[in-house]
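Please view the sequence and the model together while reading.

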Amino acid sequence: MTTVIKVLSTETPCNTVANTFGANKAVRLLNTDTAAHLITQAYANGVTIGTITLGAAESFVFEKGLTDTLASNNAAGLVKAVPVAFRN
């Protein structure tokens with residue numbers, strides 16, 4: 001089955017600065033690095049909800065709360081993020 005993705009904004013780095021990515025519920029993450037990076041999801045108040053590893057050259061659509069933030073442990077911005085809408 002094909003997944004259809006609608007881009008909602010411009011792709012930006014997902015770095016060490018927490019970001020809501022336009023208060024969207026779905027964010028496509030792409031790791032352009034040759035190393036894995038840790039992605040942290042947190043509430044708006046900074047309390048961590050959880051973490052997940054994004055493998056080298058891996059991408060996925062991350063579902064989050066509207067005010068939840070995402071950040072990676074890569075300060076160089078090699079993890080890219082873009083808000084999306086999707087359907088299967």
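Leaving aside neighbours within four places in sequence, Asp68 is in contact (heavy atoms within 4.5 Å) with Asn19, Thr20, Gln41, Ala42, Tyr43 and Ile49. The model is predicted: local features need pLDDT of at least 70 and side-chain atom pairs count only at pLDDT 80 or more, while totals for chains, interfaces and linings use all residues. Residues are numbered from 1 along each chain as its sequence is written, and side-chain values use heavy atoms, with hydrogens and water left out.

- Asp68 lies in the loop between strand 6 (59-63) and strand 7 (69-72); strands are DSSP runs of E with at least two residues, numbered from the N terminus.
- Asp68 is buried yet has no salt bridge, and the nearest side chain of opposite charge, Lys64, is 6.2 Å away.
- For these terms, buried means under 20% relative accessible area, exposed over 50% and partly exposed in between (1.4 Å probe, protein chains only).
- As to charge, Lys and Arg count as positive and Asp and Glu as negative, whereas His and the chain ends are not counted.
- The side chains of Asp68 and Gln41 are joined by a polar contact of 2.9 Å.
- A polar contact is a pair of N or O atoms within 3.5 Å; within protein, one must be able to donate a hydrogen and the other to accept it, and residues adjacent in sequence count only if both atoms are side-chain atoms.
- A polar atom of the Asp68 side chain also lies 3.0 Å from the backbone nitrogen of Gly65.

**Asn19**

- Asn19 is found in the loop between strand 2 and strand 3, and is partly exposed at a relative accessible area of 30%.
- Beyond its neighbours within four places in sequence, Asn19 is in contact with Asp68, Thr69 and Leu70.
- A polar atom of the Asn19 side chain lies 2.6 Å from the backbone nitrogen of Phe21.

**Salt bridge**

- The count comes to one salt bridge, defined as a side-chain nitrogen of Lys or Arg within 4 Å of a carboxyl oxygen of Asp or Glu.
- Arg28 and Glu11 meet in a salt bridge through their side chains (3.8 Å, N to O).
- This pair links distant parts of the chain, 17 residues apart: Arg28 is in strand 3 (residues 26-31), and Glu11 is in the loop between strand 1 (4-7) and strand 2 (12-13).
- Arg28 is partly exposed at 24% relative accessible area, and Glu11 is partly exposed at 40%.

Conventions. Helices (H or I, at least four residues) and strands (E, at least two) are DSSP runs, numbered from the N terminus.
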